[in-house]
Amino acid sequence: MKQIYRFIGLLFIIILTGCQNDNSFKIDKVDVQAQVLPDGDLYVQEIFTYNVKGEMEYAERGLELLGHEGVEFFESYLPPQGKRLGEFSYENLERVNVDYSNKYSSYFSELNAEDEVKRIYYRYRINEAAKKYQDTAELEWNFFTFNEADLHNVTIEVLFMPHSYQGKEIEMFSYNRNGGEFTEQKGYSITYKTDLISEDDTLTQYYLFPANHLSEMSVKDSSTTREERLKDAIAREENYQLRESRFELVAKVLSHVQWVLIGLVLLSLLKAHILIAKWKARSIPLSEIESWSPVFQIYVYRKGEIKLHDFLAGVFSIYQKGFLSIKKVPASYRFQKVENAPKITLLFSYTGKRRALKDADLFLLRWLFRHHPDGTQGLILDSIAEPSKKEKNQKGYKRKLRRLLSEVKDWKKAIEKEFQVEFSIKENRLLKVFSVALVIVHLILVLSMFIADAKSWLTICLSAVCFIIGAFLVWKYSLKKRAACFYFIGSFFFAAQSHDDTSIVTHFNLVILSILLIILTPRVKLSKEMIIKREAVKRWRRILKYGGIPTEKRQQSFMTYVQTAIVLGVGKQFISRFKRKFPHERVDDIVLFDKEIMNMIESVIKPLKHITEKKVSPQKKNSKRTSSSSGGDTGGGDWPFDFGGGSDGGGDGGGD
């Protein structure tokens, strides 16, 4: 779980780093002159003025991919100093090498600038950029897209030579989120100016003009009249003009949602019921906590979760009831042949009668312990060690693991039945409520930002589809916190496509708060009694971790202490600190205080922690299978966790 959240944190660092503009140049000025030709083509001349800090090898110019029949040519030159568009001809200019990138849909021209202000002149022709209809002609052209940086001081002059138009003969519209206006219309020339076009924004201009201007172009069939086109263009312009007021409303909603989430996160952090439980847990005597079996303590500590490597808690529980003996024996061949591996292991021998055991203990005994030729029934610790590479490649290995995990589930049910805790730990419905509610909130907020930003309805609909698919996955895996967290991160990627910095920053805060709320909301809900017992176990774990023990108990309880410490994951800390605190205590005769035995326990337990249902899910059949014959480099048979096969001595230890 910690690795997941570290990954999420790293992902956000990448997001924040990627949002920074690391351009080493600035585009101070852009002059554009575009002429609508009689055949519908658009002939464009441009001068970009770059203010370069450091080195800049190439200048990038992206062109709109849609709404035309292709780019006839694209050329770059170095313009003469002090000359503006219309004051020079390209014939005598120094031409610049140009490469087109399909990956970026852009033209790259050699600039080779270093700590200087340098201009570059582009000329290109767009085939059939304009359209001719029966009652009108139109030009809708996105002058700037795939910008490599913010564009400053932009001037666009559109020419309709040789015709000269007056008044409403030409209807003109400009869709720019950064402002700007048409400053001049005289005869065949229309001039538009804006102080800024953002790097991630576009500038689209739309013109309706007399069809006779496109004298060399054929008429396209269309049922849409000029009045309808004009009405749509006016509505689109009004949509852009309403951006500011709409974003003010969105900002208020985002702010209110942010405060609600802050309140929920603070309540989750406060956890008053946990503080009360901590106080009540101190009233439980340590002697009572000691009496709880190791398997009950790990069940409570882990909020009702039992894993494969917890088998040792069950074994220790049977030992503390007086039905097992423990002694050191030499480790198996697989450990003896490895230089740094522990050479001593533990043998747990069952000495009682089965009818004296309860269901959970009896299940564990039948599951793990095997009959030996001498008539005893026992478990050798290193027989449960991780299998070798050869054994992992054997036929049916993963099938055995899946059956093994199924056995763990059955053991857990027996534990819950024995301690009567089936209804003390439940699925936390609040996590599903928060997940689904936040998913819907982020969906609505991001789409509202898109609507406020005058995004096209196609963009809004496609984004909604993506959000709905993500929402379904979060609902399906509502108890998988990572699903909701990734959804929130994805929503930020969408929100960052809008063009209002205040809303983007506030939405980023919402994403952080949403992730915190999901992380802080537990997957399971414990009863009040179970919360108190869990806090008591946590208190007992802290005492053991720092080597402390009750003063009224001594030698007879040391084995119980170290077993509980091992089960709760603080075995090594307990032993090392206990020996420092109580140097005069004689613990060398206690088996579990042996350093090599602790290394053996760690060698067995650690690999089992990584065996999960996801890793052993069924795979597609492979025609090439390794032989299932046993033996090999392990020195003895199938991996001993194969309880369906033959055991060392037959009997109950091998049956499913």
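Glu114 is partly exposed, with a relative accessible area of 47%. Buried means under 20% relative accessible area, exposed means over 50%, and partly exposed lies in between (1.4 Å probe, protein chains only). Glu114 sits in strand β7 (residues 106-114). The model is predicted: local features need pLDDT of at least 70, side-chain atom pairs count only at pLDDT 80 or more, and totals for chains, interfaces and linings use all residues. Residues are numbered from 1 along each chain as its sequence is written, and side-chain values use heavy atoms, with hydrogens and water left out.

**Charged surface patches**

- Patches take residues with over 30% relative accessible area and no salt bridge; like charges are joined within 9 Å, and nonpolar side chains (Val, Leu, Ile, Met, Phe, Trp, Tyr) within 5 Å.
- Lys and Arg count as positive, Asp and Glu as negative; His and the chain ends are not counted.
- Each charge is placed at NZ of Lys, CZ of Arg, CG of Asp or CD of Glu.
- A patch of positive charge on the surface gathers Lys426, Arg429, Lys432 and Lys525.
- Lys426 belongs to strand β20 (residues 425-427).
- Lys426 counts as partly exposed, at 48% relative accessibility.

**Overall architecture**

- The protein chain holds 19 helices and 21 strands.
- Helices (H or I, at least four residues) and strands (E, at least two) are DSSP runs, numbered from the N terminus.
- Of the 656 residues in the protein chain, 48% are buried.
- Accessible areas come from the Shrake-Rupley method with a 1.4 Å probe; for residues, only the protein chains shown count as cover.
- Take the contacts in the protein chain between residues at least 6 apart in sequence: 77% of them join residues at least 24 apart.
- Contact means heavy atoms within 4.5 Å.

**Salt bridges**

- Side chains of opposite charge can pair when their charged atoms come close.
- The whole structure contains 23 salt bridges.
- A salt bridge is a side-chain nitrogen of Lys or Arg within 4 Å of a carboxyl oxygen of Asp or Glu.
- Glu184 and Lys186 pair in a salt bridge at 3.6 Å, N to O.
- Glu184 is partly exposed at 39% relative accessibility, and Lys186 counts as exposed at 51%.
- Lys278 and Glu535 form a salt bridge at 3.0 Å, N to O.
- Lys278 lies in helix α4 (residues 272-281) and Glu535 in helix α16 (residues 528-545), so this pair ties together parts that are 257 residues apart in sequence.
- Lys278 is partly exposed, with a relative accessible area of 34%, whereas Glu535 is buried at 3% relative accessibility.
- Lys572 and Glu602 also make a salt bridge, with the closest N and O atoms 3.4 Å apart.
- Here helix α18 (residues 571-581) carries Lys572 and helix α19 (residues 595-608) carries Glu602, so the pair ties together parts that are 30 residues apart in sequence.
- Lys572 is partly exposed, with a relative accessible area of 38%, and Glu602 is partly exposed, with 42%.
- A network of salt bridges links Asp39, Asp41, Glu72 and Arg125.

**Buried sites**

- Thr136 lies in the loop between β9 (130-132) and β10 (137-144).
- Thr136 is buried, with a relative accessible area of 1%.
- Leaving out residues up to four places away in sequence, Thr136 touches Leu208, Phe209, Ala211, Arg226 and Arg229.
- Thr136 and Ala211 are 75 residues apart in sequence, yet 4.7 Å apart in space, C-alpha to C-alpha.
- Asp361 is part of helix α9 (residues 359-368).
- Asp361 counts as buried, at 4% relative accessibility.
- Asp361 touches Ile318, Lys321 and Glu418, again not counting residues up to four places away in sequence.

**Helix α7**

- Helix α7 (residues 311-320) is mostly covered, with eight of its ten residues buried.
- The buried residues of α7 are Phe311, Leu312, Ala313, Gly314, Val315, Phe316, Ser317 and Ile318.
- Ile318 is also one of the residues that Asp361 touches.
- Gly322 follows α7 and has a positive phi, near 90°.
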